[in-house]
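Visitor: I am new to protein structures. Can you show me how to read one, feature by feature?

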Amino acid sequence: MTKHTLSQLPSVDRLLALPALVAAIANHGRQPITDCTRAELAAARELVRAGHPPPDPEALAASIVERAGKLARPNLRPVFNLSGTVLHTNLGRALLAKEAVEAMTVAATSPCALEYDIADGGRGDRDSLVEPLLAEIMAASMGEKAKEFAATIVNNNAAAVLLALDTLVKGKEAVVSRGELVEIGGAFRVPDIMRRAGAKLVEIGTTNRTHAKDYAEAITAKTALLMKVHTSNYAVVGFTKVVDEAEIAAIAHEHGLPFMVDLGSGTLTDFARWNLPKEPTPQDSLAAGADLVTFSGDKLLGGPQAGFIVGRKDLIARIKKNPLKRALRVGKITLAALEATLRLYRDPDRLAQRLPTLHLLTRSEHDIAAQAERLCPVVADFAGETSTVSIEPAMSQIGSGALPVERLASAALVIRYPGKRPGKQLAVLEERLRGLPQPVIGRIADDALRLDLRCLDVVDEERFVTQLRETS
Ligand SMILES: *Cc1c(COP(=O)(O)O)cnc(C)c1O
């Protein structure tokens, strides 16, 4: 047996002179390739010490190039969302319109009038970039009344609720129904946010039933606000009673108190137009008498991550003066995307073509089923001979706190491994899909892997097919 020695390994300099690595240096830069060369040589030394033959220089160069390629890959990678949930919080929620992306690029690459009044050369207010647009959109359904309201934009809806409570309730009490003390994905619990804002939570009613008199009876000298939270990720059904917004608003106003609604998702248009389930709008809440409404920018609105606080001008003015506003405000890139997104709402006729999220929500079952027919053989090849792939009806979820019990009829490719214990094979398949250059995210349920195709836009189909074919 020949004894392998470390001296048989090439030097760093010799490796770096190989054509493959000269090309890699031109691509990635000298430092990263040198680092990867050292790391691969260290791994090779371990192998040699363990008695293995030293890899030849070309093989080493190939591993170095592969290592450099992996390191250069962004951490925030695009995936195919075939989970069946359109607004998937863990997969980044809304997709932005082309118009929003263009506006972000401009804001990112050019000085812009973020807080500068071009008309008089004085200091401007960043909220004024979107406030008039919002008023215009709201005026379409609520008329002149929309002008009575102001708006401010913060990092997300959780920040909107925090800032509003910190401004209006700190050290005092806010009254909320027990049926609305929601948790949204662990990190946002209404009672926790209230505590952080220094607001004392006064829970009223029971889990399933809250009456108008519960609100009225909870009001004391310490009460600062009545609050309603949209129960966005669950539904209480059966023997239930909730008090409608107009009634709570009337009780609040009788006692000289503001009424705030945390809408969560909130859409600015009537979804009935596209035969989508009715989702409450901020206009509805304001028309019903709410003094403040909060909602997210990256849920049904289809914009970037942001939180809106819309409502009475005097209250918004107080909120804007809170020093926390500075800590929670959004940057120019977000505002650019938000403004461009809101502009699309001026033309509702074309909204479903231009807002990607709305486009996905309005795809017809027929269209998705036809796509499933096209993709079935490709997915079957990828899943292997022992699998069966069928096209089955599916029910997509809107996600992110839009009507939790409503579903959208869709179609899915359903992969099974007939036999006794399919779990292992399904797990392997799921991992292979996740391991693709653009990972494919499906869902395992009932001994099958389901790929709901609602969110595979037809324009991305070819890319999807190519990557499966290349790795089948
Ligand atoms: C989604 C949601 C939130 C949190 O909004 P983010 O924009 O994710 O911070 C708060 N309240 C309700 C009712 C929600 O649906």
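Guide: We go from the whole chain to single residues. Keep in mind that this is a predicted model.

Visitor: How many helices and strands are there in the chain?

Guide: The chain has 19 helices and 15 strands. Its C-alpha atoms fill a box of roughly 95 × 60 × 45 Å along the principal axes.

Visitor: What share of the residues counts as buried?

Guide: Of the 472 residues, 48% count as buried. The cut-off to remember is under 20% relative accessible area. Now look at the surface. The accessible surface of the chain is about 23,000 Å². Carbon and sulfur atoms hold 54% of that.

Visitor: What do the contacts say about residues 24 or more positions apart?

Guide: Take the contacts in the chain with a separation of 6 or more. Residues 24 or more positions apart account for 75% of them.

Visitor: How many positive and negative side chains are there?

Guide: There are 58 positive and 57 negative side chains. The centres of the two sets lie 5 Å apart.

Visitor: On to helices. How are two packed helices described?

Guide: Two values do it: the angle between the axes and the distance between the axes. Here, take helix α2 (residues 19-28) and helix α3 (residues 30-49). They pack at an angle of about 130°. Their axes are 7 Å apart. Over 145 degrees would count as roughly antiparallel, and 65 to 115 as roughly perpendicular. So α2 is oblique to α3.

Visitor: Which residues meet there?

Guide: From α2 come Leu-21, Ala-24, Ile-25 and His-28. On the α3 side they meet Arg-30, Pro-32, Ile-33 and Thr-37.

Visitor: Is Arg-93 buried or exposed?

Guide: Check its relative accessible area, which is 17%. Buried means under 20%, so Arg-93 is buried. Now try Asp-446. Its phi is also positive, near 50°, and Asp-446 is not a glycine. Asp-446 sits in the loop between β14 (443-445) and β15 (448-452).

Visitor: Is Asp-446 buried or exposed?

Guide: Its relative accessible area is 65%. Exposed means over 50%, so Asp-446 is exposed.

Visitor: What about values in between? Where does Gln-425 lie?

Guide: Gln-425 lies in helix α18 (residues 423-434). At a relative accessible area of 33%, Gln-425 is partly exposed. Leave aside its neighbours within four places in sequence, and Gln-425 is in contact with Thr-386 and Tyr-417.

Visitor: Which residues does Leu-286 contact?

Guide: First place Leu-286: it is in helix α11 (residues 282-287). Its relative accessibility is 2%, so Leu-286 counts as buried. Its contacts beyond four places in sequence include Met-138, Met-142, Phe-149 and Val-310.

Visitor: Last, distances. How do I compare sequence and space?

Guide: Set the count of residues along the chain beside the C-alpha separation. Leu-286 and Gly-84 are 202 residues apart along the chain, and their C-alpha atoms are separated by 32 Å. For Gln-425 and Asp-447, the values are 22 residues and 10.0 Å. Then take Asp-381, in helix α17 (residues 365-383). Asp-381 and Ser-472 are 91 residues apart along the chain, with C-alpha atoms separated by 6.3 Å.

Visitor: Is Asp-381 buried or exposed?

Guide: Asp-381 counts as exposed, at 58% relative accessibility.

How values were computed. Residues are numbered from 1 along each chain as its sequence is written. This is a predicted model: local features need pLDDT of at least 70, side-chain atom pairs count only at pLDDT 80 or more; totals for chains, interfaces and linings use all residues. Side-chain values use heavy atoms; hydrogens and water are left out. Helices (H or I, at least four residues) and strands (E, at least two) are DSSP runs, numbered from the N terminus. Buried means under 20% relative accessible area, exposed over 50%, partly exposed in between (1.4 Å probe, protein chains only). Contact means heavy atoms within 4.5 Å. Accessible areas come from the Shrake-Rupley method with a 1.4 Å probe; for residues, only the protein chains shown count as cover. Lys and Arg count as positive and Asp and Glu as negative; His and the chain ends are not counted. The place of a charge is taken as NZ of Lys, CZ of Arg, CG of Asp or CD of Glu. Axes are lines fitted to C-alpha atoms, for helices over the stretch in contact, and angles run from 0 to 180 degrees between N-to-C directions. Angles under 35 degrees count as roughly parallel, over 145 as roughly antiparallel, 65 to 115 as roughly perpendicular and the rest as oblique.
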